Amino acid sequence: MIKLSAVIITFNEEHNIERCLKSLEGIVDEIVVVDSFSTDKTQEICQKHNVRWIQNKFIGHIEQKNFALKAAKYDHVLSLDADEALDKQLKIEILKVKEDFKADGYYFNRLTNYVDKWVYHSGWYPDSKLRLFNKNKGTWSGTNPHDIIKMQDGSIIKKINGDLLHYSYDSISDHVNQTNKFTTIAAKAAFKEGKRSSNFKIVSRPILKFIKDYFLKRGFLDGRYGFIICCINSLSALLKYSKLKDLQDGRSID
């Protein structure tokens, strides 16, 4: 049986971190928490769960998660966000994988809880995530704040059953505020990569996003909150391309 490290990055996660840590009990062989100098009770809670606590200055989601990977004692890692937890089926599957780690990486679905409602459509489920892997074969990549695991060419990837439970937003206001924050980060990253916006993209991308998530991804089946989620998804596209255009025009978006 292989040894498994859980790696988590945190910043002021006192409302989420204990649920995450409890879900890892009996599943992993060490828990590494890399914190970007929280000012709440995150550290106090983590120390009750025998984690390896490391503080590191935050310069980006991708950079912080790769720092956490390097800090893991074991080659095989399970990477989680503080607002995520393993469901019962996923725990069983991970224990099976530990006995015979045949692939280089494993992915599974993520199920999101939004204002106390589980969301099964709206482009949010199934939301496949590769989070269990050999750190010598993969690393965090993508464009901040949207990070993904990039595996080496030729890596063997398999799917396992169970859901990663994602406790996302307690309120619509939280969702809107996070969307505003993340689209600023995304616009800056896109501008740095040489990507550009236009008036056509500002108008068309939000409309296409809503059509895709509400109709094609059946967001209407998630009821009132499905409609709200799809509207905010559309707003995210509007803000990202509008902020990117402002950067092109020499304006500040902070």
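Author: Helices here are DSSP runs of H or I with at least four residues, numbered from the N terminus. The model is predicted. Helix α7 covers residues 223-248, and just after α7 Gly 250 takes a positive phi of about 80 degrees.

Reader: How do you know that the span of α7 is close to the expected one?

Author: The expected span is 1.5 Å times one less than the number of residues. Helix α7 has 26 residues, and its 38 Å from first to last C-alpha is close to the 38 Å expected.

Reader: Why does the span of helix α5 agree with its 21 residues?

Author: At 1.5 Å a residue, α5 (residues 172-192) should span 30 Å, and its end C-alpha atoms are 30 Å apart, so the two values agree. Just after α5, Gly 194 has a positive phi of about 90 degrees.

Reader: What makes residues of α5 buried, and which elements do they pack against?

Author: Buried means under 20% relative accessible area. In α5 the buried residues include His 175, Thr 179 and Ala 186. The buried residues of α5 pack against β6, β9, β11 and α7.

Reader: What makes a set of residues a nonpolar core, and which members touch the most others in the largest one?

Author: Its buried nonpolar residues must be joined through side-chain atoms within 4.5 Å. The largest core has 30 residues, and Leu 24 is among those that touch the most other members. Elements giving two or more residues to this core include β1, β4 and α4. Leu 24 touches residues including Ala 6, Ile 31 and Leu 86. Apart from this core lies another of 16 residues, among them Val 34 and Ile 54.

Definitions and conventions. Residues are numbered from 1 along each chain as its sequence is written. This is a predicted model: local features need pLDDT of at least 70, side-chain atom pairs count only at pLDDT 80 or more; totals for chains, interfaces and linings use all residues. Side-chain values use heavy atoms; hydrogens and water are left out. Buried means under 20% relative accessible area, exposed over 50%, partly exposed in between (1.4 Å probe, protein chains only). Contact means heavy atoms within 4.5 Å. Lists of a residue's contacts leave out its neighbours within four places in sequence.
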